[in-house]
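Work through the exercises below on charged side-chain pairs. Each task is followed by a solution in steps.

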Amino acid sequence: MSFLCWDPRAGCSTPGDESKQQTVKSIEFLKKANQGKEVPSLSQLLLNYFQTAAEYDTAMFEPNVPKLLDGLALVCLPSSKASYGEAAASGTTEQPSGCPDLDAALRGGEVHFGTHLDVTSYAEGVRETHNPSGRALPAVVWDFYQNGCSLRLLCPQAFSSTVWNFLSILQEQFGSMVGANTYLTPPGTQGFAPHYDDIEAFVLQLEGKKHWRVYSPRRDAEVLPQFSSANLTQAELGEPVLETVLEAGDLLYFPRGFIHQGNCLPDAHSLHITVSSYQRNSWGDLLEKLLPAALQMALEEDVEYRQGLPMDYLRYMGVANSDAVDARRTAFIEKVQSLIKKLVDYAPIDAAVDQRAKSFLHDCLPPVLMQSEKAQSVYGFPARWQDGGPHNVDILITKDTEIRLLRHGIIRLCNEEAGVMLYYTTENSRVYHKEEPKFFELDPEYTDSVEFLLSSYPNHVSVDNLPCETLEEKISLATLLFEKGILTTKKPLLQV
């Protein structure tokens with residue numbers, strides 16, 4: 001397994017010979033470091049990514065906190081078929097989605113063109129999508145592939161528990177939605193035109209091999225772009241800063257805004273998965289939420305914002321008057337600047353962050369539970385129909401029951417006009433936004449207890465320690481959160 005990346009420390013503009021040499025040196029060092037006897041885990045590779053990317057987008061991640069990646073080794077994608085078999089025999093992992101898995105998904109009848117699967121081609125500078133309507137039946141899909149079309153599975157996490165587990169862990173650590181697409185490309189073909197994306201991309205090669213070319217952002221406006229590009233022509237690209245062939249087990253990273261294209265060599269097909277994150281997760285995206293709210297508060301609370309504009313301002317303001325020397329223009333501009341500066345005093349920063357968190361929780365995959373966690377949660381509660389009636393139905397939580405949140409990042413308290421809302425992810429779908437946001441109104445007297453559970457994580461606390469006024473309220477809140485899958489208990493509530 002090797003880890004390749006264009007080193008952003010070499011600069012974002014088209015590099016000269018010196019920066020190209022620096023790039024090659026960093027790539028060769030990483031390749032050499034990863035070809036020793038001990039194959040690095042995916043968590044180690046992503047930690048290398050943190051250390052490299054932090055100097056490109058300094059606020060994105062902190063490179064000095066390896067604990068962020070604790071547990072990722074549990075879902076590391078092995079780098080050979082032999083290790084897949086060993087892992088499967090030990091029961092520790094499921095083989096990542098490969099061609100047989102895609103075929104099984106097609107035969108399951110739940111894959112639809114456009115919704116789950118795209119059929120694409122790129123030849124002679126023309127990028128095309130060939131999606132029919134309706135279900136993606138195996139005979140139709142494999143005929144497209146046999147005729148040189150690439151297949152893009154848009155939500156592999158819906159069909160692979162391994163991918164679901166991997167993404168659900170990353171989303172909590174990154175604090176941003178993490179998605180994935182799987183790409184199957186026939187030998188000697190290319191499925192997509194050169195382009196850049198609005199996401200951080202990790203390309204993990206699963207089968208075969210693929211030839212990649214990566215290019216620097218062409219101008220400052222394309223560095224860390226807010227939106228993906230249209231399809232680009234070869235004439236627009238210049239020289240690549242990185243050109244390599246990925247083989248099974250290799251990982252390639254490139255940041256937002258780096259143009260890329262991949263094509264299959266004549267002697268092998270390619271199956272890879274692209275893991276993506278940090279879409280629309282910039283300071284500017286936060287300010288899009290914050291500034292309108294700040295202006296609304298200023299209008300409500302400060303009469304200066306509600307005062308009328310000068311009657312004659314249209315005569316000296318506007319582009320046609322921009323070169324005019326006029327004291328009225330100077331005063332007008334200074335007034336606008338003063339009002340903008342005062343907006344900081346009205347900016348509801350925490351409330352804007354909560355609104356982004358609410359959107360993030362809607363984007364999130366539901367958490368993946370280990371067997372021990374299931375047994376200690378509502379998902380493993382042994383209620384069943386037996387002998388003509390329901391058995392083991394009552395959830396008997398007492399003051400001595402020890403509880404904790406299932407995950408720290410699965411809930412968010414938001415103060416809204418209608419009241420205090422608790423948003424949560426445990427009932428989300430594995431398909432992006434298939435479900436509406438999950439939330440319920442929380443009695444204000446319970447907010448301290450929810451904050452107590454958040455601050456106590458990952459430790460268990462007894463129900464009696466919840467800061468509610470009465471024991472009845474403590475048990476009522478714990479029962480509600482348990483029924484929503486938000487809480488687990490230290491021991492199963494019922495032994496069966």
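Buried means under 20% relative accessible area, exposed means over 50%, and partly exposed lies in between. The model is predicted, and it holds 21 salt bridges.

**Exercise 1.** Find where Asp 312 and Arg 328 lie, and classify each by accessibility.

Solution. Step 1: Asp 312 and Arg 328 form a salt bridge, with 3.2 Å between the closest N and O atoms. Step 2: Asp 312 sits in the loop between helix H7 and helix H8, while Arg 328 belongs to helix H9; the two residues are 16 apart, and the pair links distant parts of the chain. Step 3: Arg 328 has 38% relative accessibility, so Arg 328 counts as partly exposed. Asp 312, at 24%, is also partly exposed.

**Exercise 2.** Are Glu 373 and Arg 407 buried or exposed?

Solution. Step 1: the side chains of Glu 373 and Arg 407 meet in a salt bridge at 2.7 Å, N to O. Step 2: Glu 373 is in helix H11, and Arg 407 is in the loop between strand S13 and strand S14, 34 residues apart. Step 3: the relative accessible area of Glu 373 is 10%, so Glu 373 is buried. Arg 407, with 17%, is buried too.

**Exercise 3.** Determine what the salt bridge of Asp 464 and Lys 474 ties together.

Solution. Step 1: the N to O distance is 3.5 Å. Step 2: Asp 464 lies in the loop between strand S17 and helix H13, and Lys 474 lies in helix H13, so the pair ties together parts 10 residues apart in sequence. Step 3: Asp 464 is partly exposed at 34%, whereas Lys 474 is buried at 11%.

Key: Residues numbered from 1 in each chain as written. Predicted model: local features only at pLDDT ≥ 70, side-chain atom pairs only at ≥ 80, totals over all residues. Heavy atoms only, no water. Salt bridge = Lys/Arg side-chain N within 4 Å of Asp/Glu carboxyl O. Helix = DSSP H or I, 4+ residues; strand = E, 2+ residues; numbered from the N terminus. Buried < 20%, exposed > 50% of the residue type's maximum accessible area, 1.4 Å probe, protein only.
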